[in-house]
Amino acid sequence: MKRELAKVIIGQNEVIDQILSAIFTGGHCLLVGVPGLAKTLVVSTIARILDVEFHRIQFTPDLMPSDITGTNVLEENEDGRREFRFVKGPVFTNILLADEINRTPPKTQAALLQAMQEHEVTAGQTTFDLPEPFFVIATQNPIEQEGTYPLPEAQLDRFMFNIKVDYPNQEEEEQILTSTTSGKTHEIRKVLSSKAIMYLQKQIGMIECSPLTIKYVARLVRATRPGDETSPKFVKELVDWGAGPRAGQYLIAGAKAQAAMDGRPSVAMEDVRKVAIPALRHRISTNFQAQAEGMTTDDVIHRLVEEVPEPNIPKYEKS
């Protein structure tokens with residue numbers, strides 16, 4: 001998959017790793033970055049190398065919930081009777097790209113909540129199952145806040161990872177300029193089918209996560225909460241509210257994907273630390289004092305990862 005992606009996407013290795021981790025564990029991603037960093041291109045290229053259905057929705061202020069989920073249409077059948085038929089919207093797909101998700105009002109953003117959590121859509125009195133596998137990959141521009149609607153915390157929490165897409169380095173930028181202005185097109189081949197993805201998800205779910213690692217994840221997540229007695233002093237001073245249990249679930253799932261992509265049968269503490277920032281950065285709210293000290297959420301998580309100790313391995317003594 002990485003080889004095929006490298007034909008079109010230059011650099012962004014960390015971003016691609018995190019997106020693949022989410023796909024292989026059935027999670028959703030939020031890509032945050034300034035315009036022109038190939039956020040949409042990354043997602044559409046991943047969809048091209050997977051043998052799955054892909055739909056893209058451009059979120060705008062006038063978009064309605066029915067434009068996403070679908071709508072009931074009144075039709076006349078052969079007997080002359082009129083009845084409603086549900087016309088499925090673009091959410092009925094395997095990979096849904098929600099482009100500029102913060103451009104649409106909360107009413108329309110909320111249309112994705114049931115789809116993201118339960119993988120189903122309710123229209124009237126009928127509930128329709130979404131095809132499996134199902135992923136939402138949303139993009140967001142962090143710099144332009146005029147005419148935008150920040151995602152509610154409940155919806156942010158549905159995303160497994162909040163992935164920051166950064167600028168390329170000089171060498172990568174030169175490669176981008178060379179490849180995009182040469183007029184050459186690259187042939188992308190399909191690598192995985194939807195059945196293969198679901199099989200991989202089951203296999204990754206079976207990767208061993210020791211009680212010691214689970215204890216470390218719980219300790220890390222609890223340390224983000226200023227009201228918890230185990231949280232460090234700087235968290236009590238700089239954080240308004242911390243991460244919930246879902247953060248721990250996603251930390252373990254992401255760590256399992258990291259271990260699998262590294263060819264290991266069990267999760268290491270290092271795997272947890274590797275996914276800590278994308279899994280926690282949208283689940284921690286820093287206060288005014290943190291802003292005054294120039295501390296971002298990422299800085300708080302960095303410090304937490306450094307300060308929260310790993311659990312001690314219990315020693316077994318002969319009785």
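Tyrosine 167 is exposed, with a relative accessible area of 59%, where exposed denotes over 50%, buried under 20%, and partly exposed the range in between (1.4 Å probe, protein chains only). The structure is a predicted model, in which local features need pLDDT of at least 70 and side-chain atom pairs count only at pLDDT 80 or more, whereas totals for chains, interfaces and linings use all residues. Residues are numbered from 1 along each chain as its sequence is written, and side-chain values use heavy atoms, with hydrogens and water left out.

Tyrosine 167 is placed in the loop between S10 and H8; helices (H or I, at least four residues) and strands (E, at least two) are DSSP runs numbered from the N terminus. When residues up to four places away in sequence are not counted, tyrosine 167 touches Val34 and Leu37, contact being defined by heavy atoms within 4.5 Å. Its C-alpha atom is separated by 32 Å from that of alanine 111, a residue 56 positions away along the chain.

The largest pocket holds about 770 Å³ of space. Pockets were identified on a 1 Å grid over the protein atoms alone, as open sets of points with protein on both sides within 12 Å along at least five of seven lines, and lining residues have an atom within 4 Å of a point. Grid points are joined across faces, edges and corners, and a volume is the space filled by probe spheres set on the points. The lining of the largest pocket comprises 31 residues, of which Val32, Gln140, Pro142, Asn162 and Arg281 are the closest to the centre. Two or more lining residues are given by each of strand S1 (29-32), helix H7 (153-156), strand S10 (161-164), strand S13 (285-286) and helix H15 (297-307). By class, this lining contains 14 nonpolar, eleven polar and six charged residues; Ala, Val, Leu, Ile, Met, Phe, Trp, Tyr, Cys and Pro count as nonpolar, Asp, Glu, Lys and Arg as charged, and the others, Gly among them, as polar.

The second largest pocket holds about 460 Å³. Its lining consists of 22 residues, with Val8, Ala38, Leu41, Ile176 and Thr180 nearest the centre. Helix H3 (39-49) and helix H8 (170-181) are the elements that give two or more residues to this lining, and H8 provides the largest share, five residues. The lining of the second largest pocket divides into twelve nonpolar, six polar and four charged residues.

Backbone geometry was examined next. A cis peptide bond, with omega of about -5°, joins glutamate 132 and proline 133; proline 133 is placed in the loop between strand S8 (126-129) and strand S9 (135-140). Glutamine 12, although not a glycine, has a positive phi of about 55°. This residue is in the loop between helix H1 (2-6) and helix H2 (13-23), and glutamine 12 counts as buried at 16% relative accessibility. Histidine 119, also a residue other than glycine, has a positive phi near 55°. It is placed in the loop between helix H6 (113-118) and strand S7 (120-123) and is buried, with a relative accessible area of 16%.

Charged side chains form 16 salt bridges, a salt bridge being a side-chain nitrogen of Lys or Arg within 4 Å of a carboxyl oxygen of Asp or Glu. In one of these, aspartate 17 pairs with lysine 2, the closest N and O atoms being 2.6 Å apart. This pair links distant parts of the chain, since aspartate 17 lies in helix H2 and lysine 2 in helix H1, 15 residues apart. Both are partly exposed, aspartate 17 at 22% and lysine 2 at 46% relative accessibility. Glutamate 237 and lysine 233 meet in a salt bridge of 2.8 Å, N to O; because they are four residues apart in helix H11 (residues 233-238), about one helical turn separates them. Glutamate 237 is partly exposed at 32%, whereas lysine 233 is exposed at 62%. A salt bridge of 2.8 Å, N to O, also joins arginine 264 and aspartate 271. Arginine 264 is partly exposed at 27%, and aspartate 271 is buried at 1% relative accessibility.

Lysine 256, in helix H12 (residues 245-261), is buried yet has no salt bridge, and the nearest side chain of opposite charge, glutamate 208, is 7.9 Å away. For charge, Lys and Arg count as positive and Asp and Glu as negative, while His and the chain ends are not counted. Beyond residues up to four places away in sequence, lysine 256 touches Ile204, Gly205, Ile207, Cys209 and Val267.

Notes. 1 Å grid on protein atoms, 1.4 Å probe; cavity = no way out; pocket = protein on both sides within 12 Å on 5 of 7 lines; lining within 4 Å.
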